[in-house]
Amino acid sequence: MSKTVTRMGDGSSVVLSRDEIRREVVEGSEAAAVKAKIPALEENEVDYLVDMFASPMRMWSVERGHEAVMTKDGGTNTLISSRLSSGIAAPIGRETAVRLFERAFAFDSMEVGHIDYSVKPSKFIVSVEQEHMELLQHTTVFPLFYGFMPNLGLYYRPDGQFENPSDLLPLGKIDAARRTQEEALEACHDDVVWQSRMFAETGADAINYDTVASTGDAEFLATLRATRTISSETDMPVEVSMAAEMVLGFHGELEYEGTRLAGLWPHQQMKLVERAGAAIFGPVVNNNSKKSCAWNVARAATFVKACTAEATIPIHPNVGNGVGGVPMFEVSPLDMVSRASAAMIEIGKADGL
Amino acid sequence: MGTGDPNGMGMAHALASSMGGIKTAGDLVARMQLRKMRLNEAKQYVAEKLGVSVLDLSDSTVMRTVREELDIGVVTAVPGLAKGLEAKARIADLLDIHINSVERLKAKTGLGAGAPA
């Protein structure tokens, strides 16, 4: 039987037969189904992914007419930052970079963001950020988001003023660890709301809260509350993009409108984000670098399909390095990025990426 | 989307799956998604407003001409055509939506109230 050179989740090449690819796809989908108690992919969807991964072609794509909308996180860091954002440190400013994304790369939308990308450091230079947004609004046509990470971790010692739950939990100080998260999330929430209002004033088309719940349920709660405030009190739409597939229960008891946040999977997160008033939700599905890309893409598409099946707002899954079926490697291989991209839309039924 | 080198990540997704931004009608469909429209509903809405088919929306050969005729911004550099805020003001009228930066322009200049610029 013919074999195909495909890839593992770390980007390395692996040779698999069509039968082996089918087994990977089925097992990947079942892994998601069992974890989140959602439906596995149907036979025709498995067939599509098997054809995709058994194909020797370098690039895959969606069918004509099925194209979706791209939203970007990390701002222009990929062009102007360093390897922390897989950036190439191009000797250009942010305004030039945004113009290039509109004109040279034909992106559907773009984001302005501070190079650090966390709300805590960017709020101190908000006037610089606002000025960039205002100037770019004069010269661009496509929708421009302002983006940042709530990043609750920066509010804990040694970076912030609150006791670090990661120091308290190993000592068995559960109540103190919960209390410090409750206090820190209020400060984070206030910063997120304040910074968002600054961009509602500048004429930004939308705001993107990115890498949400990177420090667990307390950060998710801060973001949901901020989403509700900004969505209900300004004309600026909110996109909420997650950090990982499951909300970690660092606190464990926090709830949003009666729903416990710890342990929520993407389709459950989506319902709360929708209820909070967000315009777009960006689910994340983690990669397993020891499994094949066929396994990872099938698993990711299964999670995303469960989101899109019930959503009333657009779903833009994250398909960056190490998530959404894209290999965990700094320099992304076109063959697998294009396959993950198409699978999210054709099988996951995503509205965008 | 997500992090990754610009060639391997952003451009790969743009080529595999993206509508094509202002080269086509990707920016217009994105604006309707910001109003909470799912993809198919947003495409249908924009297609009707532009008087084209849904398939035309991501066809650069069709949309290049349509965008020039409607004067809503084109991807190439063409002197005389609407740029930046000018194009967005026309898009707001065409799609019957509020665009925050256009509203700000109106507030700053009084243009929206019919006052002289």
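Which residues in H6(B) are buried? They are B:Asn100, B:Ser101 and B:Val102. Their cover includes helix H6 (126-139) of chain A together with H5 of chain B. This is a predicted model of a complex. The predictor gives the complex an ipTM of 0.96 and a pTM of 0.97.

**Chain B as a whole**

- Chain B has 6 helices and 0 strands.
- Along the sequence, the pattern of chain B reads α-α-α-α-α-α.
- The C-alpha trace of chain B spans about 50 × 35 × 30 Å along its principal axes.
- Chain B has 117 residues, and 46% of them count as buried.
- Take the contacts in chain B with a separation of 6 or more: 29% of them join residues 24 or more positions apart.
- The mean pLDDT of chain B is 94. In this chain, 96% of the residues reach 70 or more.
- Where pLDDT is low, predicted coordinates should not be read in detail.

**Where the chains meet**

- On one side, 45 residues of chain B take part, and they are in contact with 62 residues of chain A.
- Four helices of chain B each supply at least two residues of the side that touches chain A: H1 (10-17), H2 (26-33), H5 (84-95) and H6 (100-109).
- H1(B) gives the largest share of that side, with 7 residues.
- By class, the side of chain B that touches chain A has 19 nonpolar, 18 polar and 8 charged residues.

**Helix pair H1(A) and H2(A)**

- Helix H1 (residues 18-36) of chain A packs against helix H2 (residues 43-54) of chain A at an angle of about 130°, and their axes are 9 Å apart.
- That angle makes H1(A) oblique to H2(A).
- The crossing of these two helices, H1(A) and H2(A), is right-handed.
- H1(A) brings A:Arg18, A:Ile21, A:Arg22, A:Val25 and A:Val26 to the contact. H2(A) brings A:Val46, A:Leu49, A:Val50, A:Phe53 and A:Ala54.
- By class, this contact of H1(A) with H2(A) has 8 nonpolar, no polar and 2 charged residues.
- An α-helix has 3.6 residues a turn, so residues three or four places apart point the same way.

**Helix pair H8(A) and H9(A)**

- Helix H8 (residues 174-202) and helix H9 (residues 217-233) of chain A cross at roughly 35°, and their axes come within 9 Å.
- The crossing of H8(A) and H9(A) is right-handed.
- From H8(A), the residues that meet H9(A) include A:Gln181, A:Leu185, A:His189 and A:Val193. Among their partners in H9(A) are A:Ala218, A:Ala222, A:Arg225 and A:Ile230.
- The residues of this contact of H8(A) with H9(A) divide into 10 nonpolar, 5 polar and 2 charged.

**Backbone details to look for**

- A cis peptide bond runs from A:Arg157 to A:Pro158, with omega near 10°. A:Pro158 lies in the loop between strand S4 (144-148) and helix H7 (165-168) of chain A.
- A:Ser86 is not a glycine, yet its phi is positive, near 55°. Find A:Ser86 in the loop between helix H3 (77-80) and helix H4 (94-103) of chain A. A:Ser86 is buried, because 24 other C-beta atoms lie within 10 Å.
- B:Lys36 is not a glycine either, and its phi is positive at about 70°. B:Lys36 sits in the loop between H2 and helix H3 (39-50) of chain B. B:Lys36 has 18 C-beta neighbours inside 10 Å, so it counts as partly exposed.
- B:Gly110 follows H6(B) and has a positive phi, near 80°.

**A buried loop residue: A:Asn318**

- A:Asn318 is in the loop between helix H11 (293-308) and helix H12 (334-346) of chain A.
- A:Asn318 is buried, because 29 other C-beta atoms lie within 10 Å.
- Leaving out residues up to four places away in sequence, A:Asn318 touches A:Ser241, A:Gly282, A:Val284, A:Val323, A:Gly324 and B:Gly2.
- A:Asn318 and A:Met70 are 248 residues apart in sequence, but 10 Å apart in space, C-alpha to C-alpha.

Conventions. Residues are numbered from 1 along each chain as its sequence is written. Chains are lettered from A and ligands numbered from 1 in the order in which they are written. This is a predicted model: local features need pLDDT of at least 70, side-chain atom pairs count only at pLDDT 80 or more; totals for chains, interfaces and linings use all residues. Axes are lines fitted to C-alpha atoms, for helices over the stretch in contact, and angles run from 0 to 180 degrees between N-to-C directions. Angles under 35 degrees count as roughly parallel, over 145 as roughly antiparallel, 65 to 115 as roughly perpendicular and the rest as oblique. A crossing is left-handed if the near helix is turned anticlockwise from the far one by less than a right angle, and right-handed if clockwise. Two residues are in contact if their C-beta atoms, placed from the backbone, lie within 7 Å. Ala, Val, Leu, Ile, Met, Phe, Trp, Tyr, Cys and Pro count as nonpolar, Asp, Glu, Lys and Arg as charged, and the others, Gly among them, as polar. A residue is buried if 20 or more other C-beta atoms lie within 10 Å of its own, exposed if 12 or fewer, and partly exposed in between; C-beta atoms are placed from the backbone. pLDDT is the predictor's confidence in each residue, from 0 to 100.
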